Amino acid sequence: MQKKSGLIMLAIAMMLVMIMSACGNNNNNASEPSASSEPSASASSSASSSPAATETEGTAGASVDTSKEVKLKMIFVGPKPVDYDAVFAEINKKLKEKINATLEGEFLDWSDWAQKYPLKLAAAEDFDLIYSANWAGYNDQALKGGFLEITDEMIQKYMPQTWANMPKVSWGQAKVNGKLYMIPQNRGESVEKLILYREDLRKKYNLPEINSPESFATYLKTIAANEKGIVPFTPETGDWKYHNLDRVLLKQQNEWNMFDLDMPFAYKLTDEKGQVFNVYETQEFKDLMVYYKDLADNNAWSKNVLNSKNDHQQDFKAGKTASITHNNGTLGALMSQMRLENSPYEVKLADINQGKKKSVAISTQNGTSIHATSKNVERSLMLIELMQNDKELHDLMMYGISGVNYEPVGDDKYKATDKFQNFYGFSNWNFNSPLNRTDEAFPQEASDLVNSWEADVYHYPLETFVFDNSKVKTEIANVGNVMLRYGIPLEYGLVKDIDKGIADLNKQLKSAGLEKIQTELQSQIDAFLAKQ
Amino acid sequence: MKRQTFWNDLKNYKVLLLMLTPAVIFYLLFAYLPMAGIVIAFKRYDYAGGIFGSPWNGFDNFRFFFESGDAFRVTRNTALYNIAFIAVNNALQIFAAILLFEVGGKWFRKIIQSAMFLPYFISWVVVGAIAYNLLNYDIGTVNVLLRGLGLEPIDIYNTPAYWPYLLVLVSAWKGLGYGTVMYLAAITSIDTEMYEAAEIDGANIFQRIMKVTIPNLYPTVIILVLLAVGNIFRGDFGMFYNMIGNNGILFSTTDVIDTFVFRSLITSNDIGMSAAAGVFQSVLGFVTIMLVNYAVRRYDKDRALF
């Protein structure tokens with residue numbers, strides 16, 4: 001009996017080994033061609049790049065052999081638009097004509113894109129282009145080898161118009177360790193946060209105009225005291241490691257840059273040395289905690305704000321909350337939508353730190369990357385070129401079919417039709433370019449406000465700095481955790497003793513390895529500045 | 001000679017072996033084969049190299065978990081929660097199964113059983129939303145009720161002390177129906193002659209339960225508990241994440257390994273580091289199940305799993 005079962009075990013074990021080794025072999029085989037295809041692709045492109053350099057711009061397709069039809073696949077984030085079939089059929093008609101290629105889109109829904117996106121790259125699925133963005137882990141995925149490096153020669157050869165039109169600073173911002181992995185959007189976009197509030201409520205209580213942190217606090221407290229059933233402020237849900245208002249009250253107010261608000265570090269925009277400091281140890285932070293605590297004690301936001309999953313924009317639209325914060329584009333779109341729907345509420349935008357330096361989004365806010373294993377690199381680059389610079393294709397990709405999804409108004413505006421939403425809500429922003437149209441109904445005051453910032457838009461030497469965190473990943477993970485556990489409750493005024501709260505927070509950060517990150521960050525910044 | 005017996009066995013038991021095949025294939029494909037992926041925990045994963053081609057980096061991936069200073073706390077929380085879940089859930093399920101068995105009336109039994117089973121099918125996301133609407137400070141049903149009665153509302157979402165009880169309660173509520181059905185099946189398979197004999201001997205209903213039903217349930221209980229113990233270091237992510245979310249105030253009593261790892265790595269997406277945490281849990285789980293099984297074996301050889 002014993003012997004028999006031993007034999008069976010042995011047989012099973014051998015089977016296992018065989019299966020495993022077979023699997024291992026397969027994997028090796030599979031990875032070989034993909035590894036070898038990469039250098040050959042770049043070799044061929046660099047070899048043929050010298051004649052391209054002499055060519056004049058505007059004739060992208062002329063020098064490249066496009067006789068063989070290719071099918072390109074691109075990954076977008078956001079839900080598949082309802083009119084995908086109709087619009088992409090049009091797009092493909094044009095693409096076939098111009099570069100003998102067709103495009104197929106795959107869409108990662110907002111609900112689980114964050115899990116699926118890295119998997120698409122990790123599993124090396126078969127696709128050519130992918131939407132990429134700093135908020136979608138662009139640096140990280142690039143460092144892990146998910147994207148193909150794009151050289152200047154490739155851009156000059158396959159996308160001459162883009163090379164001509166794109167501001168040089170945009171390329172610089174998109175580089176990770178000096179290498180480019182993305183064709184960024186070609187349009188500055190303000191990501192500074194504003195506040196959208198209920199003007200009718202402000203008038204009702206005869207409050208002063210909202211133009212400073214103090215007047216905003218007065219507004220919030222008055223609403224809390226007098227309007228039952230309306231939450232004065234509702235933050236955006238998500239994995240923010242800071243208070244939702246910190247972008248306004250900490251970053252803008254103090255003219256700091258805060259590394260995507262992912263780490264507890266900042267430097268002053270005007271500091272030419274780029275000296276990094278711990279945000280939580282500053283007097284500014286402490287003062288802000290007093291401000292927040294006062295608001296929290298006066299019920300300016302829900303006591304259970306950390307567990308609330310309410311959509312702040314929906315709540316605002318429904319009149320359940322009296323103020324929210326987001327960037328100009330989003331709030332402007334919400335305003336125009338509310339006006340279109342004849343909302344009973346009068347709403348207004350507020351900039352509560354007027355005159356402070358504003359910065360535009362860095363170019364990696366939206367972009368397109370080429371998959372590291374793509375077999376159609378040339379055609380993919382040509383596609384991006386067309387999407388950004390060909391008026392017809394750009395309009396199709398951004399707004400859908402003219403007369404169905406939108407009505408063109410002049411050359412740079414559009415009017416949304418009732419089918420506008422059928423081709424909307426997914427990430428086509430990587431094709432943003434000077435050809436973009438603006439919504440005719442977009443509130444004038446929102447555009448004015450941003451235009452008035454022009455004078456305040458500030459460019460600084462570290463604007464194109466990208467932190468390579470690969471050496472301090474462990475510490476980053478732990479610090480992020482501490483920020484969530486000790487920082488967020490403190491910021492939302494849920495910790496009774498501010499001084500003790502800050503001390504606790506800093507103590508925990510220290511043991512999580514804060515100093516190591518700071519040293520690494522500073523040395524990279526110093527090296528970056530020294531090179532300039 | 002030996003080979004002969006092996007082939008003979010194959011031949012003699014071919015029907016039985018055939019029946020076993022699907023299960024063996026399932027576990028080979030979904031449990032043993034992926035185990036080769038364990039190597040990821042010791043590698044700096046990059047896309048070009050994939051699972052087997054990425055460079056090794058020793059125990060670097062484990063550093064994050066053990067250097068966080070939270071490793072002990074979250075491991076302890078995970079184990080304690082699971083022990084509480086196992087004890088409370090099994091006790092309640094046995095209790096409910098015995099009650100259902102003793103109550104007559106087929107229809108009544110079926111209805112109660114279905115009602116108890118219902119929460120099992122509700123997703124944790126929905127349970128989380130229900131809990132928020134019941135318990136939140138401003139408009140939660142519980143607090144509205146308290147205010148209506150002129151009492152002070154309770155700020156449940158900012159008080160860590162309530163949560164161990166709440167989570168055990170929710171887990172019991174959700175798992176009750178499922179476990180009850182299993183125990184009910186075990187009770188129904190008890191030889192009715194034993195009950196008849198007990199009745200003739202003058203045993204009342206409580207004596208029947210204590211002396212016949214419960215001793216006969218031991219094997220089932222032991223198997224179910226042993227199986228559960230193997231997962232004692234795995235927090236139910238769906239439950240903890242949807243009930244607690246990112247509310248830092250509650251972490252001191254509610255953070256388990258899975259939520260901790262998720263939170264730390266959601267932004268960095270590091271496959272190696274998350275795999276390392278998974279390996280840690282598996283190793284602990286393996287050690288626990290071996291120890292418990294050994295203990296059971298010493299006590300009664302026939303009741304151990306292996």
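In this predicted model, helix α14 (residues 257–265) of chain B is mostly covered, with 8 of its 9 residues buried. Those buried residues are Ile257(B), Asp258(B), Thr259(B), Phe260(B), Val261(B), Arg263(B), Ser264(B) and Leu265(B). Their packing partners are α4, α5 (71–102), α12 (237–244) and α15 of chain B, together with α18 of chain A.

| Helix pair | Angle | Axis distance |
|---|---|---|
| α18 (residues 473–491) of chain A and α4 (residues 60–67) of chain B | about 30° | 9 Å apart |
| α11 (residues 205–229) of chain B and α15 (residues 271–299) of chain B | roughly 155° | within 9 Å |

For α18(A) and α4(B), the axes pack at an angle of about 30°. Because angles under 35 degrees count as roughly parallel, α18(A) is roughly parallel to α4(B). The crossing of α18(A) past α4(B) is right-handed. On the α18(A) side, Thr474(A), Ala477(A) and Asn478(A) meet Arg63(B), Phe64(B) and Glu67(B) of α4(B). By class, this contact of α18(A) with α4(B) comprises 2 nonpolar, 2 polar and 2 charged residues.

Within chain B, the axes of α11(B) and α15(B) cross at roughly 155°. This angle makes α11(B) roughly antiparallel to α15(B). Helix α11(B) contributes Ile222(B), Leu226(B) and Val229(B) to the contact, while α15(B) contributes Thr288(B), Ile289(B), Val292(B), Asn293(B) and Val296(B). The contact of α11(B) with α15(B) has 6 nonpolar and 2 polar residues, and no charged residues.

Technical notes. Residues numbered from 1 in each chain as written. Chains lettered and ligands numbered in written order. Predicted model: local features only at pLDDT ≥ 70, side-chain atom pairs only at ≥ 80, totals over all residues. Axes fitted to C-alpha atoms, helices over the stretch in contact; angles between N-to-C directions. Helix = DSSP H or I, 4+ residues; strand = E, 2+ residues; numbered from the N terminus. Parallel < 35°, antiparallel > 145°, perpendicular 65-115°, else oblique. Left-handed = near helix turned anticlockwise from the far one by under 90°. Contact = placed C-beta atoms within 7 Å. Nonpolar A, V, L, I, M, F, W, Y, C, P; charged D, E, K, R; others polar. Buried ≥ 20, exposed ≤ 12 C-beta atoms within 10 Å, placed from the backbone.
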